[in-house]
Structures are given as C-alpha cells and as structure tokens.
Amino acid sequence: MVNLKVYLEIKVVDKNGKVRFVRRKDSAVYNLGRMLKGLLSAPANTPTSSYGAIATCSVKKYDGSEDLAWTEWYTGEHYYGGGTPMGANANDGDDTYGIMVGTGNSPVSDDDYALESKIPHGDGDNLLHYGAHTFGDVEVGTNYARFKVSRSFTNNGSVAITVYEFGLGVRNYWKDVHGIRKDLKLLIARDVVSDGVIVNPADTLVVSYIFEITL
C-alpha cells in the first residue's frame with residue numbers, strides 16, 4: 001500500500017546558533033488533495049482550442065471562496081506565456097504564500113483554507129522576517145521517497161513572539177502576452193502547536209514541510 005504523508009518540522013535557533021526547540025507532526029488539508037487530482041487529470045495532449053484552461057480543479061482561496069485553479073493551460077502559438085499550477089517558492093520578504101506562520105490557535109480542520117492570524121513580514125516588534133525557501137533533494141530509501149522545503153523566520157524586533165500556527169500556501173499563476181490570466185493562492189497545509197513556540201529577539205524559527213511517499 002502506498003501512502004502520501006506531509007510532516008511539519010519546527011526548530012528554533014538562538015543568536016549563538018544553538019537549537020533549543022524541535023518538534024515534528026503530521027499535516028495537510030483538503031486543498032492538497034484537490035490540487036493533486038487536478039494535476040493528474042491534465043490530459044497533456046494537443047488542445048483543440050487556440051488558448052484556454054484545459055484542466056482545472058475547485059479549491060478554496062484564503063478568503064474561503066471557491067475558485068478554479070488551472071492545472072493545465074494552453075496559450076496557443078500567438079499567445080506565448082507560461083506559469084505554474086502549484087508554486088510554493090516565495091521570495092525573501094513575500095508573506096503571501098509558501099511557508100507562513102501565525103498566532104491563531106483554533107484547532108486544525110481538514111477544511112482549513114487560511115491561517116487564522118498570520119504574522120506579517122517585517123523587522124520590527126511583533127513581526128518576523130520571512131526568508132527565502134530552500135528545497136532539499138529527493139531522498140530515496142528502500143521503501144520511501146521524501147523531500148523537504150524549509151523557510152526561516154527571524155525576530156529582528158525587541159519583544160518575544162509566540163507562534164502557534166503554521167501553514168503552506170501555493171500559487172496558481174498563468175500569464176501570456178496579454179497579461180495575467182490566472183493568479184490565485186491557496187493553503188495546502190495548516191498545523192497548530194497548542195502550547196506555542198516562543199521566538200525571542202534575535203532568534204530564528206526554521207519551519208519545514210516534508211513530503212513523503214512510503215510503500
């Protein structure tokens with residue numbers, strides 16, 4: 001039997017480089033399954049129209065409304081363009097997708113579609129500096145394959161911040177010579193640590209999501 005699992009891994013590193021907190025737990029929400037179905041349902045063949053969405057799936061955006069994510073889109077020879085069905089590699093300072101953190105502590109639901117109270121990017125009090133993402137190589141064992149995506153959050157303010165919730169958002173984005181055709185963001189994982197994770201001034205919180213297939 002093949003299993004797809006998603007894990008959250010958290011650690012806090014102080015200003016001297018010492019790791020003082022580590023935790024790991026399961027995660028994921030329904031949007032992940034919807035997106036995987038949409039990706040696999042793409043026909044990947046010659047389209048019958050000059051441009052348009054060929055494969056889609058219904059997802060919940062951050063505001064809770066339903067929208068169609070495009071998992072395959074054909075631009076046509078006169079509409080050069082491209083995009084991504086499910087990108088998570090947000091840049092340094094971009095807190096709108098990728099790995100995100102917050103202060104909300106409502107219990108996790110499989111139907112969660114947003115963080116309850118996201119901590120914004122910044123370098124002052126009650127803010128965290130959202131770093132760039134790193135993607136590890138795929139590790140293959142005798143009965144598993146896994147990879148890890150990580151992001152660091154540095155407290156450059158003067159007060160401690162307690163982080164309770166963690167999430168992973170992805171961007172569904174397509175464009176051509178006429179401009180942006182589709183740009184939506186959605187949550188595919190949310191987790192809550194009930195007792196919170198304290199990030200003191202000058203500390204760095206490192207959050208990772210591990211995707212694993214086991215046989």
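The largest pocket of this predicted model is lined by 16 residues. Met86, Phe135, Phe147, Val149 and Phe211 lie nearest its centre. A pocket here is an open set of points on a 1 Å grid over the protein atoms alone, where a 1.4 Å probe fits, with protein on both sides within 12 Å along at least five of seven lines. Lining residues have an atom within 4 Å of a point. The largest pocket holds about 220 Å³ of space, a volume filled by probe spheres set on the points.

Strands E5 (81-87), E9 (144-154), E10 (161-176) and E12 each give two or more residues to this lining. E9 gives the most, with 4 residues. Strands (E, at least two residues) and helices (H or I, at least four) are DSSP runs, numbered from the N terminus. By class, the lining divides into 13 nonpolar, 1 polar and 2 charged residues. Ala, Val, Leu, Ile, Met, Phe, Trp, Tyr, Cys and Pro count as nonpolar, Asp, Glu, Lys and Arg as charged, and the others, Gly among them, as polar.

Residues are numbered from 1 along each chain as its sequence is written. Local features need pLDDT of at least 70, side-chain atom pairs count only at pLDDT 80 or more, totals for chains, interfaces and linings use all residues, and side-chain values use heavy atoms, with hydrogens and water left out.

Next come single residues. Ser208 is found in strand E12 (residues 204-214). Ser208 counts as buried, at 4% relative accessibility. Buried means under 20% relative accessible area, exposed over 50%, and partly exposed in between (1.4 Å probe, protein chains only). Beyond its neighbours within four places in sequence, Ser208 is in contact with Tyr7, Leu8, Glu9, Ile99, Lys148, Val149 and Ser150. Contact means heavy atoms within 4.5 Å.

Val163 sits in strand E10. Val163 is buried, at 0% relative accessible area. Not counting residues up to four places away in sequence, Val163 touches Val101, Gly102, Ile119, Leu128, Gly196, Val197, Val199 and Leu205.

Asp112 lies in the loop between E6 and E7. Asp112 counts as buried at 15% relative accessibility. Again leaving out residues up to four places away in sequence, Asp112 touches Val29, Pro107, Leu187 and Arg190.

The table gives polar pairs. A polar contact is a pair of N or O atoms within 3.5 Å; within protein, one must be able to donate a hydrogen and the other to accept it, and residues adjacent in sequence count only if both atoms are side-chain atoms.

| Group | Partner | Distance |
|---|---|---|
| Ser208 side chain | Ser150 side chain | 2.6 Å |
| Asp112 side chain | Arg190 side chain | 2.9 Å |

In helix H1 (residues 30-40), Asn31, Leu32, Met35 and Gly38 are buried. Seen down the H1 axis, the buried residues fall within an arc of 125°, so they line one face of the helix. The arc is that of the directions from the helix axis to the C-beta atoms. Lys37 and Leu40, on the other side of H1, are exposed.

Two loop residues other than glycine have a positive phi. Ala28 has phi near 130° and lies between strand E2 (19-27) and H1. Ala28 is partly exposed, at 23%. Asn126 has phi near 65° and lies between strand E6 (98-102) and strand E7 (129-135). Asn126 counts as exposed, at 51%.
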